[in-house]
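Reader: Walk me through this one, please, and tell me what stands behind each label.

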Amino acid sequence: MNHKLNIVEKAASFEVQKIREDFPILKQLVRGKTLCYIDNAATTQKPMVVLNAIDNYYKSKNSNIHRGVHFLSEAATASFEAARTKVKEFINAKSENEIIFTRGTTESINLVAYSFGRNNLNEGDEIIISTMEHHSNIVPWQLIAAEKKAHLKIIPINDKGELILEEFEKIISERTKLVSIVYVSNSLGTINPVEEIISKAHAYGIPVLLDAAQAVYHLPIDVQKLDCDFLAFSGHKIYGPTGIGILYGKETLLEKMPPFMGGGDMISKVTFEKTTYNSLPYKFEAGTSNICGGIGLGTALDYVSSIGFENIIPHENDLLNYATNELKLINGLRIIGEADKKAGVISFVFNNIHPHDVGTFLDFEGVAIRTGHHCTQPVMDRFNIAATCRASFAMYNTKEEIDILVNALKNVTEVFK
Ligand code: C6P
């Protein structure tokens, strides 16, 4: 079966075919079939404007930033700082001082764990996370908790894959020093009630970190409206390059935190007797940044803004609902994660077929999904499974691609019958 996509899907203000034209990778054949890329929770594909921004940077501006007085250095610095302003505007932060470039969500969370954690945790203190956290929002807290003799407290989830908020209210106390929660689960698709969590935590004066790695490309984020204290995301999930990410932090908190890493660019003055640190946000950006990555991320945010979440959300919801209904009709398939509020992520298992076998079979049909534990092993334990198959949608996916997935899955069940 050759999957030549005949896409005629058109919404009044959102033409998915036009969007697909922006992503050259989607045109290629994989194993003789048109690529059906539905592994967007792992990473999204990059539009031409982002590829051009990267290309242009290396062709016309490449040099080091914040250090040179020459033309190229000034041009690179201006572009990198303009990207910071774009991030600030995209998430509605108050100031550029609150936008720290990191390598990604993982580094952003580690930065808070080591800098905020080392400064604020004492023996017997507690950090609250949940069962549905990515390992990036578990392991850094385990490491710092072990060092400071602090403890992790876990908000459990119900059978639908939703946080049990009554349990959150039972474990939060004056011993809690931070709540760190995923906004949208990468393995269940659950959109968590983060506003409610933040207001409950703030009632105790406790800051909240949001892991927005998945949320950032499915939902508009307004950090002032959310009133979160920290927020982490990765460029590569929102149509930008890998190796670049963001830590947002309220300026009052970041001011009080010590540097995470030492090196060039993060200092004000160095002597062997005493070193003073640079102002925000540079205090947390030791060494040469991923300059090109930052510029690419800024361009990706411009691209997403030009499409608009008012168009992206209904389209992705449409895909999610269509795929959920179709998958439920397949014999022996069980969806893991049926929260009332979900983003475009569907995890599923078969009674007698291992997810890796499903993934390999789909690959031969040109369909890219992810199989495994998705770096959320406690979620797998909660549902008594080792792994799931996961389809995850982005703005460029189509119902025709879901049909291809569904047909391929039907073939899988025939083969393994
Ligand atoms: N999830 C997935 O396939 P990094 O690797 O730093 O860019 O992002 C880590 C991360 C943190 N939190 C959540 C909720 C995530 O989904 C991810 C990355 C990928 O689900 C790779 S495991």
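Predicted model: local features only at pLDDT ≥ 70, side-chain atom pairs only at ≥ 80, totals over all residues.

Reader: How many salt bridges does the count come to by the rule?
Author: The count comes to 24 salt bridges. Residues are numbered from 1 along each chain as its sequence is written, and side-chain values use heavy atoms, with hydrogens and water left out.

Reader: Why is the pair of glutamate 285 and arginine 84 called a salt bridge?
Author: The rule asks for a side-chain nitrogen of Lys or Arg within 4 Å of a carboxyl oxygen of Asp or Glu. Here the closest N and O atoms are 2.8 Å apart, so the pair qualifies. Side chains of opposite charge can pair when their charged atoms come close.

Reader: What parts of the chain does this pair link?
Author: Distant ones: glutamate 285 is in the loop between strand 12 (275-277) and helix 11 (291-307), arginine 84 is in helix 3 (residues 71-90), and 201 residues separate them. Helices (H or I, at least four residues) and strands (E, at least two) are DSSP runs, numbered from the N terminus.

Reader: What else does that loop between strand 12 and helix 11 hold?
Author: Proline 281 lies there. A cis peptide bond joins leucine 280 to proline 281, with omega at about 0°.

Reader: What makes lysine 149 worth a mention?
Author: Its phi is near 55°, a positive value in a residue other than glycine. Most residues other than glycine have a negative phi, and most peptide bonds are trans. Lysine 149 is in the loop between helix 5 (139-148) and strand 6.

Reader: How do you know that strand 8 and strand 9 pair?
Author: Pairing takes at least two bridges found by DSSP. Strand 8 (residues 208-211) and strand 9 (residues 230-234) have 3 bridges in the parallel sense, so they pass. In strand 9, leucine 231 is the bridge partner of leucine 210.

Reader: Which sheet has strands in the order 4-10-9-8-7-5-6?
Author: An open sheet of 7 strands with mixed pairing. Strand 4 (99-102) and strand 6 (151-155) are the edge strands, since each pairs on one side only.

Reader: What is the strand order in the sheet of 4 strands?
Author: That open sheet runs 13-14-17-16, with antiparallel pairing. Its edge strands are strand 13 (333-336) and strand 16 (370-372), each pairing on one side only. Strand 14 (residues 345-350) and strand 17 (residues 388-392) pair over 4 bridges. Helix 12 (residues 309-328) packs on the sheet, touching strand 13 and strand 14, and makes about 10° with the direction of strand 14. Touching means heavy atoms within 4.5 Å; angles run from 0 to 180 degrees between N-to-C directions, with axes fitted to C-alpha atoms, for helices over the stretch in contact.
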